[in-house]
Amino acid sequence: MSVLLSEAPENDRNEVKNMTENELKADVERYRPMLFRLAYSTTGDLSVCDDIVWEVFMKLYTHKGGFDSENGKKAWLIRLTVNRSHNHTRSRWQKKRTELSEAAHSGGIISDDIIALREAMKTLKKGYREVIFLHYFEGYTAAEIGEILKISTSAVTTRLQRGRRTLKRFLED
């Protein structure tokens, strides 16, 4: 974890007050796999997921406010990862880079089913993709997803239903 500190800008190291390196290390071990999957489900690009997750943990490390609970911290990390991932996918540089990345993945290394599912997930609207990922890949309930994304439970269930319908249509074609 000393790598995190040694790579952080000097002013970031001086601002750290609320979190020790051991606490950060525990959070990285606990949340990194989930945040990495979330970043990948949003961006579809493995090469940028580490950067996004790194930024999220550096933000956590320098975060001056506390959290009401461990679930509050987890929700904050998820929301920040979603936001960073969306920022990445909106960038002009990323739009050009995606074309090259998709061409590289067409070499047959990844199974056809995985490619089809990935392509289907890309066709979903952002809101549908988020709730489907959090529900099916991370196991959150509709109420928990609503709390994380700050939307109503009924909005979550509607997005799940519409997202599943869209995926089904895409995969049947």
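What covers the buried residues of H10? I will come back to that after the overall picture.

This is a predicted model, in which local features need pLDDT of at least 70 and side-chain atom pairs count only at pLDDT 80 or more, while totals for chains, interfaces and linings use all residues. Residues are numbered from 1 along each chain as its sequence is written, and side-chain values use heavy atoms, with hydrogens and water left out.

First, the fold. The protein has 10 helices and 0 strands, and along the sequence the pattern reads α-α-α-α-α-α-α-α-α-α. Helices here are DSSP runs of H or I with at least four residues, strands are E runs of at least two, and both are numbered from the N terminus. Of the 173 residues, 36% count as buried. Buried means under 20% relative accessible area, exposed means over 50%, and partly exposed is in between, with a 1.4 Å probe and protein chains only. The accessible surface comes to about 10400 Å², and carbon and sulfur atoms hold 51% of that. Those areas come from the Shrake-Rupley method with a 1.4 Å probe, and for residues only the protein chains shown count as cover. For contacts, the criterion is heavy atoms within 4.5 Å. Among contacts with a separation of 6 or more, 66% are between residues 24 or more positions apart.

Now to H10. H10 has 20 residues and reaches 29 Å from its first C-alpha to its last, close to the 28 Å expected at 1.5 Å a residue. The expected span is 1.5 Å times one less than the number of residues. Val156, Leu160, Gly163 and Leu167 are the buried residues to look at in H10. They sit on the same side of the helix, because they cover an arc of only 75° around the axis. That arc is taken over the directions from the helix axis to the C-beta atoms. As background, an α-helix has 3.6 residues a turn, so residues three or four places apart point the same way. The face turned away from the buried side carries the exposed residues Lys168 and Glu172.

That returns us to the opening question. The cover over the buried residues of H10 includes helix H7 (112–123), H8 and helix H9 (142–149).

H10 also takes part in a surface feature. Leu117, Tyr136, Phe137, Phe170 and Leu171 form a nonpolar patch with about 460 Å² of accessible area together. A patch is built from residues with over 30% relative accessible area and no salt bridge; like charges are joined within 9 Å, and nonpolar side chains (Val, Leu, Ile, Met, Phe, Trp, Tyr) within 5 Å. Phe170 lies in H10 and is partly exposed, at a relative accessible area of 34%.

Next, the charged pairs. Side chains of opposite charge can pair when their charged atoms come close. The structure holds 7 salt bridges, each being a side-chain nitrogen of Lys or Arg within 4 Å of a carboxyl oxygen of Asp or Glu.

Asp27 takes part in a salt bridge with Arg30 at 2.9 Å, N to O. Both lie in helix H3, 3 residues apart, about one turn of the helix. Asp27 is buried at 3% relative accessible area, whereas Arg30 is partly exposed at 46%. Asp27 also meets Lys73 in a salt bridge, at 2.8 Å, N to O. This pair links distant parts of the chain, with Asp27 in H3 and Lys73 in helix H5 (residues 70–90), 46 residues apart. Lys73 counts as buried, at 12% relative accessibility.

A further salt bridge joins Arg32 and Asp50 at 2.4 Å, N to O. Again the pair links distant parts of the chain: Arg32 is in H3 and Asp50 in helix H4, 18 residues apart. Arg32 is partly exposed at 31%, and Asp50 is partly exposed at 39%. Through shared partners, salt bridges join Asp27, Arg30, Glu70 and Lys73 into one network.

Thr43 lies in helix H3 (residues 21–43) and is buried, at 11% relative accessible area. Leaving aside neighbours within four places in sequence, Thr43 is in contact with Val48, Cys49, Ile52, Ser85, His88 and Thr89. Met58, in helix H4 (residues 46–62), is buried with a relative accessible area of 11%. Met58 and Leu24 are 34 residues apart in sequence and 9.2 Å apart in space, C-alpha to C-alpha.
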